[in-house]
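Please walk through this protein with me, from its overall build down to single residues. Keep the structure in view as you read.

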Amino acid sequence: MLIYIGKLRFFDYFCLVMTKNTYRAKVSYSYFGEMNMPDSKIIVALDYSTEDSAFALADQLDPTRCRLKIGKELFTRSGPVVVDTLVKQGFDIFLDLKYHDIPNTVAKACAAAADLGVWMMNVHAIGGGAMMSAAREAIGHHTDRPHLIAVTLLTSMDQATFDQIGLQGSMTDTVLRLAKLADESGLDGVVCSAQEAKALRSQHSDAFQLITPGIRPANSDRGDQHRTMTPVEAITAGSSYLVIGRPITQAKDPMLALKDIEDSLI
Ligand code: C5P
């Protein structure tokens, strides 16, 4: 398709990249060289118990402006069809199932998630280096492979639980040690609290992704989150992607809430 704008000639085309079940549209401009869809930093948490509620929210969002996170409740109730449907609508999906099992089982689960066409998935770093390496091998080495992320310590873990299960040293040191192990095992990054992002960023290269929940735009309700950061504070601290649920999903106009967050990041 040839498009003339003023005196410039643009040769626009959509490059349809076919993964197993999906098509992803990439916009390319030959005049400037290839440019993919904007790399949105915002991952909207689809914390719903039914696929209908998840689809209703997704209908109000633009897949070029955010990604979606599907967790254990929605996936357990609705199964792979919810992932498949949203991938086909053009959304990048973070499948947040936090696998933790023997290496062979985790590797097979990760391969199955990759076959669903998810953009990102995660495993527990506490499963160890062999488990993470097996997961990494299982998702392959092609350029369009999913991002594989580790959970270090759950941010819900307090000192009493840390002691109860017999972990030694400080919680911060444990987070840093597990993130280092994830990096050495070939993983792409970690889920962490934005409070930990600065220390993690100084230990890892910029390519190592920090995925941070607990984000609240200024003046928004914190709900049950305690140590929150605003989107701009989290990005400044070194976050790569912001996981945001209720400030967008419970908003009267989710797309407007998303736009306000985008504007705060400019
Ligand atoms: O609604 P809200 O923005 O609090 O949602 C945050 C999302 O991030 C939820 O899906 C929650 O389960 C997830 N999450 C979190 N804290 C973690 C890990 C995940 O809030 N440490």
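Start with the whole. This is a predicted model. The chain has 266 residues, and 36% of them count as buried. Its secondary structure comes to 11 helices and 11 strands. Now look at contacts between residues at least 6 apart in sequence. Of these, 63% join residues at least 24 apart.

Next, the interior. In soluble globular proteins, nonpolar side chains tend to be buried together. Here the largest nonpolar core has 68 residues. Those with the most contacts inside this core are V44, I93, C110, A135 and A150. Take I93 as an example. Leaving aside residues up to four places away in sequence, I93 touches L68, I70, V83, L86, V87, V118 and W119.

Now follow the strands. Strand 6 spans residues 93–99, and five of its seven residues are buried. Strand 5 (residues 67–70) runs parallel to strand 6, and three bridges join the two. In this pairing, I70 stands opposite L95. Strand 6 also pairs with strand 7 (residues 120–124), again in the parallel sense and over three bridges. There, F94 has M120 as its bridge partner.

Turn to helix 8, residues 194–203. Which of its residues are buried? They are A194, E196, A197 and L200. Seen down the helix axis, the buried residues fall within an arc of 120°, so they line one face of helix 8. An α-helix has 3.6 residues a turn, so residues three or four places apart point the same way. What covers the buried residues of helix 8? The cover includes helix 7 (171–184), strand 9 (189–191), strand 10 (209–212) and helix 9 (231–237).

K98 is not a glycine, yet its phi is positive, about 45°. K98 lies in strand 6. It has 17 C-beta neighbours inside 10 Å, so K98 counts as partly exposed. N219 is not a glycine either, and its phi is positive at about 70°. N219 sits in the loop between strand 10 and helix 9. With 6 C-beta neighbours inside 10 Å, N219 counts as exposed.

Finish at the ligand. How many residues surround the ligand? There are 14, and the closest are A45, T155, P213, G245 and R246. This shell divides into six nonpolar, six polar and two charged residues.

Notes:
Residues numbered from 1 in each chain as written. Predicted model: local features only at pLDDT ≥ 70, side-chain atom pairs only at ≥ 80, totals over all residues. Near = placed C-beta within 6 Å. Nonpolar A, V, L, I, M, F, W, Y, C, P; charged D, E, K, R; others polar. Core = buried A, V, L, I, M, F, W, Y, C linked by C-beta atoms within 7 Å. Buried ≥ 20, exposed ≤ 12 C-beta atoms within 10 Å, placed from the backbone. Contact = placed C-beta atoms within 7 Å. Helix = DSSP H or I, 4+ residues; strand = E, 2+ residues; numbered from the N terminus. Arc of directions from axis to C-beta. Pairing = 2+ DSSP bridges.
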